[in-house]
Amino acid sequence: MSLRVILLGAPGSGKGTQAKRLAASRALCHLSTGDMLRGAVRARTPIGIEAERFLDAGRLVPDDMIVGMVRDRIRAADCAAGFVLDGFPRTVPQAEALDAMLGEVGTPASGAIHLKVDPEVVVSRIAGRRGCRACGTPYHVDYAPPTVEGVCDACGGAVVQRADDEADTVRRRLGVYDEQARGLIDYYTEKETLESVDGSQPLEAVAAAIEAIVDRWSEG
Ligand code: AMP
């Protein structure tokens, strides 16, 4: 049975790392809307140019912009076997749009997994986050540094802090997340498709908990 997994969690909850691992272990498409938007900004596409000011300010881009991007990816051939959504939906209207688009293709979401993490842990994790300016490969000063400081292992580009990972913007992003999260959690709780995982555990333990949930969904 193909899997359509939604990962929910604050910036810094480990959502991106876990989404990547799950996508690799189950041969699913990893759909990170943050990565897609940062890629569009780097490539200077019309959407990227429009989205840049929202990203830099730590605000959400308009729902219609992001919904269109996700719809295109979900319909692409490489995602037919299933996907892990990372960073989408972020608002209840996005969740409704997702249900509508999955309804169109006749394949509902398997369920949503909420990575719960203490806000203090989140702030300290984000402070160490870095990324390649050229190709976007993620790093962390403590957990995943590049081999040569400041130089991307993948492409040799400059490894820098994301503009939206600076302290003031992080506070705004966490505020935006808190405003929207309750509605999303309620939305998936009502649909009885929400599972929670303690995201402050070590990476491997979080991954194992997610795999166990997904195993159940695959059987069901
Ligand atoms: P992330 O990498 O998931 O933390 O996303 C980085 C930024 O991209 C966010 O702060 C928003 O500006 C934008 N973004 C990513 N996903 C969405 C979404 N689903 N809806 C609106 N804005 C988004």
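## Helix over sheet

Helix α1 (residues 15-26) lies across β1 (3-9), β2, β3 and β4 (111-116), at about 165° to β1. Contact here means heavy atoms within 4.5 Å; axes are lines fitted to C-alpha atoms, for helices over the stretch in contact, with angles from 0 to 180 degrees between N-to-C directions. Helices (H or I, at least four residues) and strands (E, at least two) are DSSP runs, numbered from the N terminus.

A word on the source: this is a predicted model, where local features need pLDDT of at least 70 and side-chain atom pairs pLDDT 80 or more, while totals for chains, interfaces and linings use all residues. Residues are numbered from 1 along each chain as its sequence is written, and side-chain values use heavy atoms, leaving out hydrogens and water.

## The sheet

The 5 strands of an open sheet come in the order β2-β3-β1-β4-β8, with parallel pairing; two strands pair if DSSP finds at least two bridges between them. At the edges sit β2 and β8 (194-198), each pairing on one side only. On average, neighbouring strands are turned by 20° against each other, direction ignored.

Strands β2 and β3 run parallel and share 4 bridges. Leu31, for one, has Leu85 in β3 as its bridge partner.

## Cysteines

Cys29 and Cys79 form a disulfide, S to S 2.2 Å (the cut-off is sulfur atoms within 2.5 Å). Cys29 is in β2 (residues 29-32) and Cys79 in the loop between α4 (63-75) and β3 (82-86), 50 residues apart. Both are buried, meaning under 20% relative accessible area, with exposed over 50% and partly exposed in between (1.4 Å probe, protein chains only).

Cys132 is buried too, at 4% relative accessibility, but its sulfur is 3.6 Å from the closest cysteine sulfur, in Cys155, too far for a bond.
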